[in-house]
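Please look over the model below.

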Amino acid sequence: MTAQLFAGAAEPATDRTVIGENLSLPLFRTLSGVLAGHPYLKVVVDRAEHTWHLLDTAAHPFHVNYIATRVLGMELAELDAELDAFNASVYMDPARRFLLGVLSLHTNEDSEGRERTFLVLETTEADTMNGQLLEFFYAFVRERVDGRLPLLLKPANHGQEEELAAISELRVPRILSHELFGSRVRTPLNPGDATGRLRFFRTHEEYAAAEGELGWADIVAMPCLPDDVPRVAGFLNTAPITPLSHTNVLASGWGIPNAIVRDLDELVEKEALDGAWVRYRVSEDEISLERLGSEPELRAPAWHQQRIRLEPPLLEDAPVLSLHRLRAADSDRYGTKAANLGELHHVLDSRTADLTVFYGRPRPPREDLYGHLASRLGLKDPSLAELRAKAADFVASTVGAPEGVALPFSLQQHFLASSPALQQGIGKLKMALELDATDVLDSLCLQLQQLIRHTPVPDSVTRQISQAFPTAPASWGRLVVRSSSNAEDLPGFSAAGVYDSVTTVHGTGQLLDAVRQVWASLVSPRSVRLRHQVGISLDDTYMGVIIQEYVPASLGGVLVTCDPTRRADFRNVYLNCSPGSPEQVVDGSVLPQQYLYNVVEGGGRTVALGSWGDGLPAATRARLADLSLTGRLLQSHFSDTDVDKPLDIEWLMTERGDFRLVQIRPYAL
């Protein structure tokens, strides 16, 4: 449930809204709509009149419109002109007249396996009801709902959770968001529509045995898809994963449906779906899988004809540079990741970038969101110049950029040119690609990777790498070596998880091995096939390398500056985290804790606790709220010409409690 965004929508003539009546299950079903698969009903409690309004969902899509026009007699134009102030009066004023909420209907099984139906009452995520108001709201609704239906209050944000902690559960029975939805049988991850052949694998061994047979018309279903899954028509997961996993980033970048369907094995057995042709649809509120009567006539997908062109890489000699000396324009010499980290250093050091642009965009009926940003930053009626300065200071005080160096494409070029055997291997691979000789492609790639990993690095290249560090190699400590190609983070080609990073490197010997491993990942069978499918030439593809000092982390993760499952929602930032490094989140080795933070009105809520039984302390969650707002502010600078284009940011919290951003790139939509 979200606060009102658009006012002024036309309302249907039929209106079955009732006032003051008690609520029975038949009446609930008459008035309710469906959201995320659950029937729901909007509720307005009028404290002044000591009554409530049960809104006909079809007639009244917004609480605020109803209160303004039907209760207070306002015109919609008048509401539009004062929308933020009006919202504050009904969602944030401790002395408010109206209490706004939603009743949703759910079912689960009791301890004896019998189905139990119950109602859940919640407010909007931006609502700041204190404990006294929450208790009054619950008691008022409980008194008027059929006593045979259990009623639970779901706090809509962390603030409400903390307020309820002081109130007995006997007085206010409750359920937390992650408790309600953590066991959801079906969860949309990426919207899409696909017709294809369902391939259901119960184990990774079954998948591995059939992997070579998978084609573009297959829909792959298994407990947790591997990161190296080939490009297919759709994904289905039968076990929980995060929307920020590599496989879902790939699904998003490829524009294919992806969902969690935990009862799929039952559906497959009941409907004999394994190997059957199906129509698979995923939307924000629904997941459907329809068996087709016969094999359909399928056209090759659009990406078969898609051709992605790269800007020509610059291969003339370039120095190994510290990351803070790079800018975004250096991506044609050092790769996208390195250039973005260099640009991040510039933003944090110079504080000259305008980080308020996202909030300056009109959001009808609002002219802009500057007032909301000022509130988030603790300012009252600032000038635009003051707001921009405060935003820049806030970001610089919240996060840091990693220290390290970037190796240019020219070093990889010198290395490849130093060996006739490497040149011969590259020539064979190019010929196979030109002839579309897919039967020998994998073996040629693996042979070339082996050559790259074991070919000596020329002394001139080794010297340039060593000279980039201010101290002797023995004192470097643990290093992290990351890929930075020009063939990733592109529109239509994200390459998430495709290239290698090496996170445990000590000394010169291991460093050179790690650099060669990263270079070799550019010609892995999977990366070559994926680029070839979209027309990216091997001649145009090069790999830069980032070398960073390892920073121990108490917490790490990924945030994207949108809600991946509700793309039109501009309010929320989605954040995943787990103890340790961000890699655990993206590689799917653990199920992370998941949070949503509202960076317009404020507030956050827990979506899932993942592999951990307890949530983070309130102080840490407050720090993550600052990190989420920082991500949204950085979007203003890194989104280029489309200010609504979200970012994908890998981050870590050091043992001292500081945030470091280790990667920043566009989020594939």
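What follows is a short tour of a predicted model, from its sheet to its single residues.

**The seven-stranded sheet**

Seven strands build an open sheet with mixed pairing. Their order is E16-E26-E25-E21-E22-E23-E24. Strand E16 (399-400) and strand E24 (604-608) are the edge strands, and each of them pairs on one side only. E16 runs parallel to strand E26 (residues 659-666), and two bridges join the pair. Within that pairing, Val399 has Phe659 in E26 as its bridge partner.

Which helix lies across this sheet's strands? Helix H24 (residues 618-638) does.

Strand E13 (residues 277-282) and strand E14 (residues 287-291) run antiparallel and are joined by five bridges. Val278 stands opposite Arg291 in E14.

**Two helix contacts**

Two packed helices are described by the angle between their axes and the distance between the axes. Two such pairs are set out here.

| Helix pair | Angle between axes | Axis distance |
|---|---|---|
| H13 (residues 336-350) and H24 | about 110° | 12 Å |
| H17 (residues 409-417) and H18 (residues 420-434) | roughly 100° | within 6 Å |

The residues in contact can be named. From H13 come Asn340, Glu343, Leu344 and Val347, which meet Leu634, His637 and Phe638 in H24. This contact of H13 with H24 holds four nonpolar, two polar and one charged residues. In the other pair, Phe415, Leu416 and Ala417 of H17 meet Leu422, Gln423 and Ile426 of H18. The contact of H17 with H18 divides into five nonpolar, one polar and no charged residues.

**Nonpolar cores**

In soluble globular proteins, nonpolar side chains tend to be buried together. Here the largest nonpolar core has 64 residues. Which of its members touch the most others? They are Leu429, Ile465, Val481, Leu511, Trp519 and Ile547. Helix H21 (residues 507-521) gives the largest share of this core, seven residues. Another core, of 51 residues, lies apart from it; Ala353, Ala374, Ala391 and Leu559 are among its members.

Take Ile547 as an example. Leaving out residues up to four places away in sequence, Ile547 touches Glu403, Gly404, Val405, Leu407, Ile465, Phe469, Leu479, Val480, Val481, Leu511 and Val515.

Is Thr336 buried or exposed? Thr336 is found in helix H13. Its relative accessibility is 15%. Buried means under 20%, so Thr336 counts as buried. Beyond residues up to four places away in sequence, Thr336 touches Ser331, Ser484, Ser485, Asn486, Glu488 and Asp489. Asp265 lies 71 residues from Thr336 in sequence, and the two are 41 Å apart in space, C-alpha to C-alpha.

Asp349 also has its place in helix H13. Asp349 is exposed, with a relative accessible area of 58%. Asp349 and Ala392 are 43 residues apart along the chain, and their C-alpha atoms are separated by 9.6 Å.

**Backbone points to check**

Asp489, one of the residues touched by Thr336, is found in the loop between strand E18 (479-485) and strand E19 (502-505). Asp489 is not a glycine, yet has a positive phi of about 55°. At 13% relative accessibility, Asp489 counts as buried.

His50 is another non-glycine residue with a positive phi, near 50°. His50 is found in the loop between strand E3 (38-46) and strand E4 (51-55).

Where is the cis peptide bond with omega near 5°? The bond runs from Pro364 to Pro365. Pro365 lies in the loop between helix H14 (357-360) and helix H15 (370-376).

How values were computed. Residues are numbered from 1 along each chain as its sequence is written. This is a predicted model: local features need pLDDT of at least 70, side-chain atom pairs count only at pLDDT 80 or more; totals for chains, interfaces and linings use all residues. Side-chain values use heavy atoms; hydrogens and water are left out. Two strands pair if DSSP finds at least two bridges between them. Helices (H or I, at least four residues) and strands (E, at least two) are DSSP runs, numbered from the N terminus. Contact means heavy atoms within 4.5 Å. Axes are lines fitted to C-alpha atoms, for helices over the stretch in contact, and angles run from 0 to 180 degrees between N-to-C directions. Ala, Val, Leu, Ile, Met, Phe, Trp, Tyr, Cys and Pro count as nonpolar, Asp, Glu, Lys and Arg as charged, and the others, Gly among them, as polar. A nonpolar core is a set of buried Ala, Val, Leu, Ile, Met, Phe, Trp, Tyr and Cys residues joined through side-chain atoms within 4.5 Å. Buried means under 20% relative accessible area, exposed over 50%, partly exposed in between (1.4 Å probe, protein chains only).
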